[in-house]
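Colleague: I would like to learn how to read a structure file. Please take me through one, feature by feature.

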Amino acid sequence: MICVEVKKDGNDEIVGFHCIGHSGYAQSGKDIVCSAVSALVINCVNSIEEFTDAKFQLKTEEESGDIDFLLESPLDDSIRLLLASMFLGLTGIQEAYGKEYLSIH
């Protein structure tokens with residue numbers, strides 16, 4: 001199962017996330033749940049890096065599927081939108097394929 005932990009600040013705003021695991025939906029290389037989650041998460045991080053001035057910490061471990069992302073900069077509307085878009089997509093995957101493959105908390 002892929003677990004995504006949402007990190008929030010004192011104002012209940014998303015400031016990061018920790019994503020770990022593999023869905024187990026299908027064999028490695030054919031797992032559409034894993035692929036979809038990876039695409040959303042990696043695209044969000046890349047978009048924040050490319051399209052904003054945000055500073056952040058990023059730690060990854062490819063084999064375990066571990067991605068730990070934490071903003072160091074104040075939030076702005078573009079960062080909020082990119083994070084909200086990622087979580088909208090992740091929620092859609094969870095609804096379509098089930099919580100046994102993707103857990104968001």
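This is a predicted model: local features need pLDDT of at least 70, side-chain atom pairs count only at pLDDT 80 or more; totals for chains, interfaces and linings use all residues.

Colleague: How many helices and strands does the protein chain have?

Modeller: The protein chain has 2 helices and 5 strands. Written in sequence order, they give the pattern β-β-α-β-β-α-β.

Colleague: What is the radius of gyration of the protein chain, and what would a compact globule have?

Modeller: A compact globule of 105 residues would have a radius of gyration near 13 Å, and the protein chain agrees with that, at 13 Å. The C-alpha trace spans about 40 × 25 × 20 Å along its principal axes.

Colleague: What share of the residues is buried?

Modeller: Buried residues account for 34% of the 105 residues; a residue counts as buried when its relative accessible area is under 20%. The accessible surface of the chain is about 6,300 Å², and carbon and sulfur atoms contribute 51% of that surface.

Colleague: What do the contacts say about residues that lie apart in sequence?

Modeller: Take the contacts between residues at least 6 apart in sequence: 55% of these join residues at least 24 apart.

Colleague: Next, the cysteines. How many disulfides are there?

Modeller: First the general idea: a disulfide is a covalent bond between the sulfur atoms of two cysteines. To count as one here, the two sulfur atoms must be within 2.5 Å. By that rule, this model has 0 disulfides.

Colleague: Where is the closest cysteine sulfur to that of Cys 44?

Modeller: That sulfur is in Cys 19, 11 Å away, again too far for a bond. Cys 44 is also buried, its relative accessible area being 3%.

Colleague: Last, the backbone. What is there to note about the phi of Asp 12?

Modeller: In general, most residues other than glycine have a negative phi. Asp 12 is not a glycine, yet its phi is positive, at about 65°.

Colleague: Where is Asp 12 found, and is it buried or exposed?

Modeller: Asp 12 sits in the loop between strand 1 (2–8) and strand 2 (14–20). Asp 12 counts as exposed because its relative accessibility is 55%, and the cut-off for exposed is over 50%.

Methods
Residues are numbered from 1 along each chain as its sequence is written. Side-chain values use heavy atoms; hydrogens and water are left out. Helices (H or I, at least four residues) and strands (E, at least two) are DSSP runs, numbered from the N terminus. Buried means under 20% relative accessible area, exposed over 50%, partly exposed in between (1.4 Å probe, protein chains only). The radius of gyration is taken over C-alpha atoms; the globule rule is 2.2 Å times the number of residues to the power 0.38. Contact means heavy atoms within 4.5 Å. Accessible areas come from the Shrake-Rupley method with a 1.4 Å probe; for residues, only the protein chains shown count as cover.
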